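Dear colleague,

Here is the structure I said I would pass on. My notes on one part of the fold follow below it.

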Amino acid sequence: MPTTAKQSNQAKQTEQTTTPESTMTTIFNNPSTIDLIDISNRLIASNQGLREKAEKSNSPVLITGKSLVKKIPSLKPLEKKTLISIRSMDGVTQSLLPCVYQDGGDVVVCLPDLNATPCPEFEVLGFRAGRNGFSILKYGDVVIKAAIACNRDFLDDLEAEGQDYSESEGQPDPSILKPKPQLEIPLRNIPENVIFKITATGGKTEKYNTDLIDIQSEENPEMIYRNVICNSELSRIANSGKKKFKITEHATTYQKTTEKNQYGKEKQITKEVTKTYVIPVDELDLSDLKL
């Protein structure tokens, strides 16, 4: 008799709850593990300046290991990695952390930066999938408690079985995970006065059907941005066949608006409004020639 998807998920849950208790305790209750979930919650709750910055900004506030090393020296090996992303939406301030996803059937750990950059240096030591889920990740000698993204089918099956979660050491089965996000990057997050080459065109945003392009810095080939949202000027450049451009200015103004918080109460906030100016760059760029 053929196995149903639900039976398959149940089998995976059974396989992933057979870890010996002593091993689970070591993985999940190791006192040296750095709990990024707790740290991000404390930041949001206690740092008013950070909350205000997130509320006013159109972009997420990215916190690297370098910022956290001042308080947590053991994070030094991760000082160049984005570990926490803080964003305020509709009056609610939330955080993103390194997270376990699947990508083409493989388990991947992605950073909470603008590109959701995969970070293969992370090893998944264990996880809890379901309500209040999390992952235990290792980077060199550093162990952190971070996030996991489970798909709706798996969560529905857990609920149908009356389970709050399934946990195990090692990697989760990729079939229970959400796909790695394909993020769309606002043009305002791209640096000014850097010559970029357009490396891919043809994509469209999911919400507005606006052009998306991939770009790479000429001077620093490691500076790559994928799925950049075009404004009308950049769309014209990309569709004209020209390959190079630069942003001359992000002109920011501030506007007062009213939003409702999570309790339905209205409050007045000041938000950034940014207009980005883009120009094409010819192979022979004479724009900065001094006469």
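In this predicted model, strand β14 (residues 244-260) pairs with β15 in the antiparallel sense, over 15 bridges. Within β15, valine 278 is the residue that stands opposite isoleucine 247.

Both strands belong to an open sheet of 5 strands with antiparallel pairing, in the order β13-β12-β11-β14-β15. The edges are formed by β13 (224-229) and β15 (266-280), each of which pairs on one side only. On average, and ignoring direction, neighbouring strands of the sheet are turned by 30° against each other.

Helix α7 (residues 232-239) packs on this sheet, where it touches β11 (196-204), β12 (211-217), β14 and β15. The direction of α7 makes about 30° with that of β15. The buried residues of the helix are Glu233, Leu234, Ser235, Ile237 and Ala238, and they pack against β11, β12, β14 and β15.

Both ends of α7 deserve a look. Just after the helix, glycine 241 has a positive phi of about 95°.

Asparagine 189 sits between β10 (165-169) and β11. Is asparagine 189 buried or exposed? Its relative accessibility is 17%, so asparagine 189 counts as buried, the cut-off being under 20%. Leaving aside residues up to four places away in sequence, asparagine 189 touches Ser59, Leu114 and Tyr225.

Regards

Terms used. Residues are numbered from 1 along each chain as its sequence is written. This is a predicted model: local features need pLDDT of at least 70, side-chain atom pairs count only at pLDDT 80 or more; totals for chains, interfaces and linings use all residues. Side-chain values use heavy atoms; hydrogens and water are left out. Two strands pair if DSSP finds at least two bridges between them. Helices (H or I, at least four residues) and strands (E, at least two) are DSSP runs, numbered from the N terminus. Axes are lines fitted to C-alpha atoms, for helices over the stretch in contact, and angles run from 0 to 180 degrees between N-to-C directions. Contact means heavy atoms within 4.5 Å. Buried means under 20% relative accessible area, exposed over 50%, partly exposed in between (1.4 Å probe, protein chains only).
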